[in-house]
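Subject: Structure for you to look at, with notes

Dear colleague,

Here is the structure I promised to hand over, with the sequence alongside. My notes on what was found follow below it.

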Amino acid sequence: MINLELPHINVLTKCDLLQEGADVDRFLEGDTEAIIADLRDSMQPRYRKLNQAMGDLLDEYSLVSFVTLNREDEDSIELCLAHVNNCIQYGEDLEPTGRDMMTDGDDEG
């Protein structure tokens, strides 16, 4: 992501499958030590080095953040789209139309 210098959004999908009261915020905030500790307890030992390396990478660059997407929640979809529009700078290069440039007195005829 850093080397390519492309706009990107990290979307945490499938949030509609979470149970009510699920603690997703601690994953969104990025406390990598707590996440690694949870993964160490719940995953097989062969993934420990991979999990530690990913945690170190997240700590080192601290550029990773996530946007949640719940397909059942319209506000969640709008927030995700707003992040995408901001990332790609949608609308900044659009040409103004004639109607946008009219003043109040110009619309008479």
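Helices (H or I, at least four residues) and strands (E, at least two) are DSSP runs, numbered from the N terminus. Asp59, to which I return below, has its place in helix H3 under that scheme.

Two cautions on the source come before the rest. This is a predicted model, in which local features need pLDDT of at least 70 and side-chain atom pairs count only at pLDDT 80 or more, whereas totals for chains, interfaces and linings use all residues. Residues are numbered from 1 along each chain as its sequence is written, and side-chain values use heavy atoms, with hydrogens and water left out.

Overall picture

The protein chain has 5 helices and 2 strands, and read from the N terminus its elements follow the order β-α-α-α-β-α-α. Of its 109 residues, 10% count as buried, where buried means under 20% relative accessible area, exposed means over 50%, and partly exposed lies in between (1.4 Å probe, protein chains only). The protein chain exposes about 9,500 Å², of which carbon and sulfur atoms supply 51%; accessible areas come from the Shrake-Rupley method with a 1.4 Å probe, and for residues only the protein chains shown count as cover. Taking contact to mean heavy atoms within 4.5 Å, 57% of the contacts between residues at least 6 apart in sequence join residues at least 24 apart.

Surface patches

Patches are made of residues with over 30% relative accessible area and no salt bridge, with like charges joined within 9 Å and nonpolar side chains (Val, Leu, Ile, Met, Phe, Trp, Tyr) joined within 5 Å. A salt bridge, in turn, is a side-chain nitrogen of Lys or Arg within 4 Å of a carboxyl oxygen of Asp or Glu.

A nonpolar patch of about 540 Å² is made by Met43, Tyr47, Leu50, Met54, Leu57 and Tyr61. Of these, Tyr47 sits in the loop between helix H2 (32-42) and helix H3 (48-61), and it counts as partly exposed because its relative accessibility is 31%.

The surface also carries a negative patch, formed by Asp25, Glu29, Asp31, Glu33, Asp56, Asp59 and Glu60. Helix H1 (25-29) and H3 are the elements that give two or more residues to this negative patch, and H3 gives the most, with 3 residues. For the charges, Lys and Arg count as positive and Asp and Glu as negative, while His and the chain ends are not counted; the place of a charge is taken as NZ of Lys, CZ of Arg, CG of Asp or CD of Glu.

Residues in helix H3

Glu60 lies in helix H3 and counts as exposed, because its relative accessibility is 58%. Asp59 is partly exposed, with a relative accessible area of 41%. Leaving aside neighbours within four places in sequence, Asp59 is in contact with Thr32 and Glu33; the C-alpha atoms of Asp59 and Thr32 are separated by 7.1 Å, although the two are 27 residues apart along the chain.

Asn51 also has its place in helix H3, and it counts as buried because its relative accessible area is 12%. Beyond its neighbours within four places in sequence, Asn51 is in contact with Ile36, Leu39 and Met43. Between Asn51 and Arg40, which are 11 residues apart in sequence, the C-alpha to C-alpha distance is 8.0 Å.

Once its neighbours within four places in sequence are left aside, Ser76 is in contact with Thr68, Leu69 and Asn70.

Leu81 has its place in helix H4 as well, but it counts as partly exposed, at 48% relative accessibility.

The structure holds 1 salt bridge, in which the side chains of Arg71 and Glu72 meet at 3.6 Å, N to O. Arg71 is exposed, with a relative accessible area of 63%, and Glu72 likewise counts as exposed, at 60% relative accessibility.

With best wishes
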